[in-house]
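Biologist: I'd like to learn how to read a fold from a model. Could you walk me through one?

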Amino acid sequence: MSQYEVELKFPVADLAALRRQLIDRGARPLGIQQHRDTYYNHPCRDFAETHEALRIRRVDDQPMITYKGAKLDSPVKTRIELEWALGAGDVDGSNTEAMLVHLGFRRVAEVAKQRESFAVQPEAPSSELTVTLDDVQRVGTFAEIECIAEADGIERAQEYVQAFAESLGLQNPEKRSYLRMLLQADG
C-alpha cells in the first residue's frame with residue numbers, strides 16, 4: 001500500500017521561540033541532523049513541470065534515495081513518497097548517483113540544511129506528527145509539519161497538519177520546495 005507525505009512548510013524568523021513552544025507542548029526532541037540532498041531530473045520528462053522529485057539524501061553522511069510523486073490537488077502538500085536507505089554496497093551513495101547519470105538522469109542541484117526534528121503525539125487516534133526546524137543554506141529558516149498517511153487517511157492527516165500549524169501560530173505556508181527556492185535564488 002502506498003504511503004503519502006502530508007506536509008506544510010512555513011518560513012520562521014525565530015526558530016528558538018518555536019522550539020520552546022514545541023517543547024512546552026510536550027514534543028519529543030529527535031535530534032539534529034545535517035542533510036545534503038542531491039536532486040536529479042528525469043531524461044524524458046521535466047520533474048519541475050510534473051512536480052515530482054528524485055533525490056539522494058545524505059543524513060549525517062548516511063545515504064538514502066527518495067522519489068516524491070506529483071502533488072495531489074489540495075491546500076496541504078500531499079503526495080506519494082517512496083524512500084529507502086542505501087545499503088552496504090553503496091555506503092556513500094556514489095554508486096546510485098553513477099547509475100542515475102548512466103541512465104540519463106541529470107544532476108540539478110544540492111540542498112544543504114541542518115534539521116532539528118520533534119515528534120508530536122496525536123491528540124486523537126491518528127499518525128504521529130513530525131515537526132522539523134530547518135536552517136537551509138542560501139534559502140532561510142523554516143518549520144515543516146508532516147504526517148505520513150495511507151490513502152484512506154489523507155483527509156484526516158491534512159486536517160490534523162493544518163490544525164496543528166494554526167495552533168502554533170504559523171502563517172503563510174510556503175508552497176515551493178527548498179530546491180525550487182534555491183534555484184530561484186541562484187537564477
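Modeller: Let's go through the strands, a helix, a ring and a pocket in turn. This is a predicted model, where local features need pLDDT of at least 70, side-chain atom pairs count only at pLDDT 80 or more, and totals for chains, interfaces and linings use all residues. Residues are numbered from 1 along each chain as its sequence is written, and side-chain values use heavy atoms, with hydrogens and water left out.

Biologist: Okay, strands. In which order do they run around the barrel?

Modeller: General idea: strands of a sheet pair through backbone hydrogen bonds, either parallel or antiparallel. Two strands count as paired if DSSP finds at least two bridges between them. Strands (E, at least two residues) and helices (H or I, at least four) are DSSP runs, numbered from the N terminus. Here, 8 strands form a closed barrel in the order β1-β5-β4-β3-β2-β6-β7-β8, with antiparallel pairing. From one strand to the next, the twist averages 35°. Axes are lines fitted to C-alpha atoms, for helices over the stretch in contact, and angles run from 0 to 180 degrees between N-to-C directions.

Biologist: Which strands does β1 pair with, and over how many bridges?

Modeller: β1 (residues 3-11) pairs with β8 (residues 140-150) over 9 bridges, and E7 has E146 in β8 as its bridge partner.

Biologist: What does helix α5 touch?

Modeller: Contact means heavy atoms within 4.5 Å. Helix α5 (residues 178-186) packs on the sheet, touching β1, β2, β6, β7 and β8, and its direction makes about 130° with that of β6.

Biologist: Which residue lies over the face of Y178?

Modeller: A charge sits over a ring if NZ of Lys or CZ of Arg is within 6 Å of the ring centre and within 35 degrees of the ring normal. In this case K9 does, at 4.2 Å from the ring centre of Y178.

Biologist: Last one: how much space lies in the largest pocket?

Modeller: On a 1 Å grid over the protein atoms alone, a pocket is an open set of points where a 1.4 Å probe fits, with protein on both sides within 12 Å along at least five of seven lines; lining residues have an atom within 4 Å of a point. Volume is the space filled by probe spheres set on the points, which are joined across faces, edges and corners. The largest pocket holds about 840 Å³. Of its 43 lining residues, Y39, R55, K68, R79 and S177 are the closest to the centre. β2 gives the largest share of the lining, 7 residues.
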